[in-house]
Amino acid sequence: MAVLSFEGCLTLSQTLCSDFWTTLQGLFWKTAFAFLLLDAYRVLLLNRSEEGWGLSMGFSTLVSRYGKVLMDLLFGNFVFLSFLLLVTRYFLEASFGASRYIDVLLAIFISSYFKIFLIVMMVWEFPSSVLFIIDIFVLSSNTVALKVITESSIEKCIGACFSAHAVKLFFRGLLDIAYRDH
């Protein structure tokens, strides 16, 4: 029967922690990619239903519309996640290091699993109002995930998630105004 020394336990612990951290990083990047991919499809559906995309579009119109989608996807989500982290830090009074911020982001990415219902919209035709119902589901699951991660009251978490989603919606409105002139 072998007896592990303190150094052996420490080495084993460090190896397990590094393996866990590598797995967590892989999960983080995979969920971030899925989050952005599903949000890109959501933005495409919204733009197609609002602007009536047709087959007779010119190249410049196509480039302009996809540029708007890309701006909405990248900067809209950057504004959303940045504002959510700021609100988590100051409004929820949660003080934690960089690893906890990654935990909050991972919780938001995973709790946005209702966006998976957008895949059904690829197969069947649904009205665009279904997108807003999915957004409400995502908002509610993000609120619960934020409550679990920060251990704050549900009212504060509702305020934090709602304000972050409102800032993202405001940013989307600014993009609509900016691209309306083109």
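Student: How much accessible surface does the protein have, and what share of it belongs to carbon and sulfur atoms?

Tutor: The accessible surface is about 11400 Å², and 72% of it belongs to carbon and sulfur atoms. Such areas come from the Shrake-Rupley method with a 1.4 Å probe, and for residues only the protein chains shown count as cover. Please keep in mind that this is a predicted model, where local features need pLDDT of at least 70, side-chain atom pairs count only at pLDDT 80 or more, and totals for chains, interfaces and linings use all residues.

Student: How do you know where confidence is lowest and where it is highest?

Tutor: By pLDDT, the predictor's confidence in each residue on a scale from 0 to 100. The protein averages 75, and 76% of the residues score at least 70. Helix H1 (residues 6-51) has the lowest confidence, with a mean of 65, and helix H5 (residues 129-150) the highest, at 87. Over residues 6-14 pLDDT stays under 50, and the model has one contact for them beyond four places in sequence.

Student: What makes a stretch a helix, and how many helices and strands does the protein have?

Tutor: Helices are DSSP runs of H or I with at least four residues, strands are runs of E with at least two, and both are numbered from the N terminus. By that rule the protein has six helices and zero strands.

Student: How do you know what H5 reaches compared with what is expected?

Tutor: The expected span is 1.5 Å times one less than the number of residues. H5 has 22 residues and reaches 32 Å from its first C-alpha to its last, close to the 32 Å expected. After H5 comes Glu151, with a positive phi near 55°, in a residue other than glycine.

Student: Why is Lys168 called buried?

Tutor: Buried means under 20% relative accessible area, exposed over 50%, and partly exposed in between (1.4 Å probe, protein chains only). Lys168, in helix H6 (residues 154-180), has a relative accessible area of 12%, so Lys168 is buried. Leaving aside neighbours within four places in sequence, Lys168 is in contact (heavy atoms within 4.5 Å) with Asp39, Gly76, Asn77 and Phe80.

Student: And why is Phe170 called exposed?

Tutor: Phe170 is also found in helix H6, but its relative accessible area is 55%, so Phe170 is exposed.

Student: Why does Phe75 count as partly exposed?

Tutor: Phe75 lies in helix H2 (residues 59-90), and its relative accessibility is 42%, so Phe75 counts as partly exposed. Not counting residues up to four places away in sequence, Phe75 touches Leu70 and Phe171. The C-alpha atoms of Phe75 and Phe171 are separated by 8.5 Å, though these residues are 96 apart along the chain.

Conventions:
Residues are numbered from 1 along each chain as its sequence is written. Side-chain values use heavy atoms; hydrogens and water are left out.
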